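Trainee: Hi! Could you walk me through this one before I start working with it?
Mentor: Happy to. Let's have it on screen.

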Amino acid sequence: MARERATALLLDFDGVLRRWDPAVAAVVEREYGLSEGVLGEIAMQWGRLQPVLTGQVNHAEWMSSVADALTESVGSPERARAAVEQWQSYRGEVDQEVLAFVREVRAAGIRVGLGTNATDLLDADLTALGLVGELDVVVNSSVIGVHKPAPEYFKAACVALATPPARVLFVDDEDWAVRGARAAGLSAHRWGGHADLRYLRAALDY
């Protein structure tokens, strides 16, 4: 049986609407004598990341724990904090082609939600990146207390969009998130880049 046509779009933030330039972290790591990629590796360790994604700790506390983990490598707590602050001052860049697509979809009367595993810094990031008002709803894991790919996350997102799961198209650049969305009853597409926009337009059929 054919799926129902999607009438709402749920879009991942990092890797889809927001891009990160890896050169920024690399510059900081070189300046402080750190191995390449170590900032991200420490920050993304699941025991450190999971609490901030579910609102158990805030973004500042998360980054403080990263600095603590770096202290021995850089020589002092002060240098560790400075490295993390320099790294974190960069908040990524909006993918303008994806943003244009979001505007196009909303102009066609389709609700668009941001579905992201994020910290309490998300609202400030959306403001800094000029994205306030560009989305109908924002579903932040640290606000609702559960993260992708849990079925409860996608249920909350569909409620926020006021759209049943079968009518929501979810787009993410991670396989595990796409699989979780499908298990929760949503249509889902793994983002591979701008070439996918043609498919997404066809799937939304507006």
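Mentor: One term before we start: a residue counts as exposed when its relative accessible area is over 50%, and as buried when that value is under 20%. Also keep in mind that this is a predicted model.

Trainee: Okay, with those cut-offs, is A162 buried or exposed?
Mentor: A162 has a relative accessible area of 66%, so it is exposed. Its place is in the loop between helix 9 and strand 6 (168-172).

Trainee: And what about the phi of A162?
Mentor: Phi is positive there, about 55°, although A162 is not a glycine.

Trainee: Since we're at helix 11, which of its residues are buried?
Mentor: L197, L200 and L204 are the buried ones in helix 11. Around the axis they cover an arc of only 60°, so they sit on the same side of helix 11.

Trainee: What's on the other side of helix 11?
Mentor: R198 and A202, which are exposed.

Trainee: And what covers the buried side chains?
Mentor: The cover over the buried residues of helix 11 includes strand 1 (8-11), helix 6 (96-107), strand 6 and strand 7 (187-190).

Trainee: What about D196, buried or exposed?
Mentor: Buried: D196 has a relative accessible area of 16%. D196 belongs to the loop between strand 7 and helix 11. Leaving aside neighbours within four places in sequence, D196 is in contact with H189, R190 and W191.

Trainee: Changing topic: how does the length of helix 5 check out?
Mentor: Helix 5 (residues 77-88) has twelve residues, which at 1.5 Å a residue should span 16 Å.

Trainee: Which residues of helix 5 are buried?
Mentor: A80, A83, V84, W87 and Q88. Looking down the axis of helix 5, these buried residues fall within an arc of 125°, so they line one face of the helix.

Trainee: What does that face pack against?
Mentor: The buried residues of helix 5 pack against helix 1 (22-31), helix 2 (38-43) and helix 4 (59-74).

Trainee: Which helices supply the lining?
Mentor: Helix 1, helix 2, helix 3 (46-53), helix 4, helix 5, helix 7 (122-128) and helix 10 (175-183) each supply at least two residues. Helix 1 gives the largest share, six residues.

Trainee: How do the lining residues divide by type?
Mentor: There are 19 nonpolar, nine polar and twelve charged residues in the lining.

Trainee: You mentioned W62. Where does that one lie?
Mentor: W62 lies in helix 4. W62 is buried, with a relative accessible area of 10%.

Trainee: And which residues does W62 touch?
Mentor: Not counting residues up to four places away in sequence, W62 touches A43, R48, L49, V52 and T119. The C-alpha atoms of W62 and P51 are separated by 8.4 Å, and the two are eleven residues apart along the chain.

Trainee: What about L126, buried or exposed?
Mentor: L126 is buried, with a relative accessible area of 6%. L126 is part of helix 7. If you set aside neighbours within four places in sequence, L126 is in contact with F13, L114, L131, V132 and V138.

Trainee: Last one: where is the cis peptide bond that joins a lysine to a proline?
Mentor: Between K148 and P149, where omega is about 10°. P149 is in the loop between helix 8 (141-144) and helix 9 (151-161).

Definitions and conventions. Residues are numbered from 1 along each chain as its sequence is written. This is a predicted model: local features need pLDDT of at least 70, side-chain atom pairs count only at pLDDT 80 or more; totals for chains, interfaces and linings use all residues. Side-chain values use heavy atoms; hydrogens and water are left out. Helices (H or I, at least four residues) and strands (E, at least two) are DSSP runs, numbered from the N terminus. The expected span of a helix is 1.5 Å times one less than its number of residues. Buried means under 20% relative accessible area, exposed over 50%, partly exposed in between (1.4 Å probe, protein chains only). The arc is that of the directions from the helix axis to the C-beta atoms. Contact means heavy atoms within 4.5 Å. Ala, Val, Leu, Ile, Met, Phe, Trp, Tyr, Cys and Pro count as nonpolar, Asp, Glu, Lys and Arg as charged, and the others, Gly among them, as polar.
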